[in-house]
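Good morning, and thank you for coming.

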Amino acid sequence: MTTTLEAPAAEPQKTTRSLSELNLTPQNSDRMAMGLLVIQPSPFCNINCDYCYLPNRTDTRRMDHAVLERVMDKVWDSGLVVAPFSLLWHAGEPLAVPIKWYEKAFEIIARYPEASKYVIHSVQTNGTLVNDKWCEFLNKHEVEVGLSIDGPRHIHDHHRKTRKGEGTFDKAMRGMECLKKNNVPFGVVSVISDVSVDHPDEMYDFYREHGITGIGFNIEEVEGANESSSLNENGGIERIQAFLKQFYLRNKADGFPLNVREFQIAERNIMEPGWCSDPNGKYYNMESDPFGMINVDCFGNFSSFSPELLGQPTEKYGSFNFGNLLSGGLFDATLNESFQKVLSDIEAGNKKCAETCAFYDYCGGSAPSNKYYENGTFDSAETHQCRSTVQIPMQIVLEDLEEDLGINDEVSPLIELPKPEHAA
Ligand code: SF4
């Protein structure tokens, strides 16, 4: 597939390690295939949440379809497409780009060999633009939908506002009801911040009352343009722990009607050892694996590792954009000095995790972006984020299993939840 696009001038890159030295070909048995392709059709978002990490969300520019074609050419040519992967349309607000654009985009993608076998479309939306037409499109293409709703009105509207400062709860809930009416399956992602963390019962009741059954908790993070988290101080970790514990107990008392992502992963880690192992038997962390995740902006610039890094400024690493797919291939990134520095620090950070953390075999080093934004470098171990999303859920599920099995601490001590180095 060819296009008439002019490639932007590539920045000269200093070669310090070769591709073979980095041992990164997809044929390498200790590497897995690409698991997630994130495409930003536009950086624009129609609302303005105050904890958002995206720096360019007022920019309305949109990906040209010729750029998308070039991106898909490079992805398919890379040999990384060997198993089904999630193609996540993420912006900004992805539904702020018209349906017509996606109709053509999906048509382009469907032309690639065995695309219907490999591509699982998904979208993360604020829900405010969902209507019957969108539902028809989402159903037709079996798009997996993640809806961002933070909880009841006073919690949701505290952070999730329009540019005029008005709450978006009514619009988001209208979108959710539209998805339900049209039988579009969806899950909800809620950011837990200082306004919700002390209200686990209210949050639980909210999901139950509205028939929401799939939930993921994103604990408010220090990331990109969001330079502080309301939960990094004032006993944040203890409050998160209390929130998750009470939420778990309420769910348990009702027979687990809610599927909570963090607890499901923890349960799987405990009950199905090896479910997420790489061919060498190590816990596979797609976010730490070069090309496990590929993240592309509307101009064809790409990054890898945590999707949150794409387009973010960094002095320490030079740039998180490792190349442009209009002028080069994915593996050209391995010649890029920034990529090499990021990779080597991520690997050093994971080594620290392996040496110091009892959870490493159930985590694989968690999210590099959180290490960078919280600790200032990828070459580090524990973060607030990993304690909230890995350590605490694992501990809660383990404690519950021990209690059900009648195991007490004297017989089998639990993994002790370590104290954070930076805790007050
Ligand atoms: S839980 Fe945190 S410290 Fe432990 S392995 Fe994962 S990222 Fe590293």
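Let me begin with a definition: two strands are said to pair if DSSP finds at least two bridges between them. Please also keep in mind that this is a predicted model.

First, an overview. The protein chain contains 13 helices and ten strands. It has 424 residues, and 44% of them count as buried. If we take the contacts between residues at least 6 apart in sequence, 72% join residues at least 24 apart.

Now to the sheet. Strands of a sheet pair through backbone hydrogen bonds, either parallel or antiparallel. Here ten strands form an open sheet with mixed pairing, in the order β7-β6-β5-β4-β3-β2-β1-β8-β9-β10. The edges are β7, residues 259–260, and β10, residues 323–324; each has a single partner strand, so one side of each is left without a neighbour in the sheet.

Let us follow some of the pairs within this order. Strand β2, residues 85–89, runs parallel to strand β3, residues 119–125, and five bridges link the two. Within this pair, Trp89 stands opposite Val123 of β3. On to the next pair: β3 is also joined in the parallel sense to strand β4, residues 144–148, over four bridges. There, Ser122 has Glu144 of β4 as its bridge partner. How does the chain cross from β3 to β4? The path goes through helix α5, residues 132–140, and this β-α-β crossover is right-handed.

Another parallel pair consists of strand β1, residues 36–39, and strand β8, residues 293–296, joined by four bridges. Leu37 has Ile294 in β8 as its bridge partner.

In soluble globular proteins, nonpolar side chains tend to be buried together. The largest nonpolar core of this model has 101 residues, and Leu37, Val145, Ile240 and Ile294 are those with the most contacts inside it. At least three of the core residues come from each of domain 1 (31–334) and domain 2 (341–405). Which residues does Leu37 touch, leaving aside its neighbours within four places in sequence? Leu37 is in contact with Val75, Phe85, Leu87 and Ile294.

Next, consider one helix with two contrasting faces. An α-helix has 3.6 residues a turn, so residues three or four places apart point the same way. In helix α8, residues 200–209, the buried residues are Pro200, Met203, Tyr204, Phe206 and Tyr207. They lie on the same side of α8, because they cover an arc of only 160° around the axis. The face turned away from this buried side carries the exposed residues Asp201 and Glu209. Among the elements that cover the buried residues of α8 are β6 (214–219) and α9 (236–253). After α8 comes Gly211, with a positive phi near 65°.

Finally, two residues have a positive phi although neither is a glycine. Glu114 has a phi of about 55° and sits in the loop between α3 (99–110) and α4 (115–118). Is Glu114 buried or exposed? A residue with 12 or fewer other C-beta atoms within 10 Å is exposed; Glu114 has 9, and therefore counts as exposed. Phe256 also has a positive phi, of about 55°, and is found in the loop between α9 and β7. Phe256 has 13 C-beta neighbours inside 10 Å, so this residue counts as partly exposed.

Notes: Residues numbered from 1 in each chain as written. Predicted model: local features only at pLDDT ≥ 70, side-chain atom pairs only at ≥ 80, totals over all residues. Right-handed = clockwise from strand over helix to strand, strands pointing away. Core = buried A, V, L, I, M, F, W, Y, C linked by C-beta atoms within 7 Å. Buried ≥ 20, exposed ≤ 12 C-beta atoms within 10 Å, placed from the backbone. Domains from an automatic or database assignment. Contact = placed C-beta atoms within 7 Å. Arc of directions from axis to C-beta.
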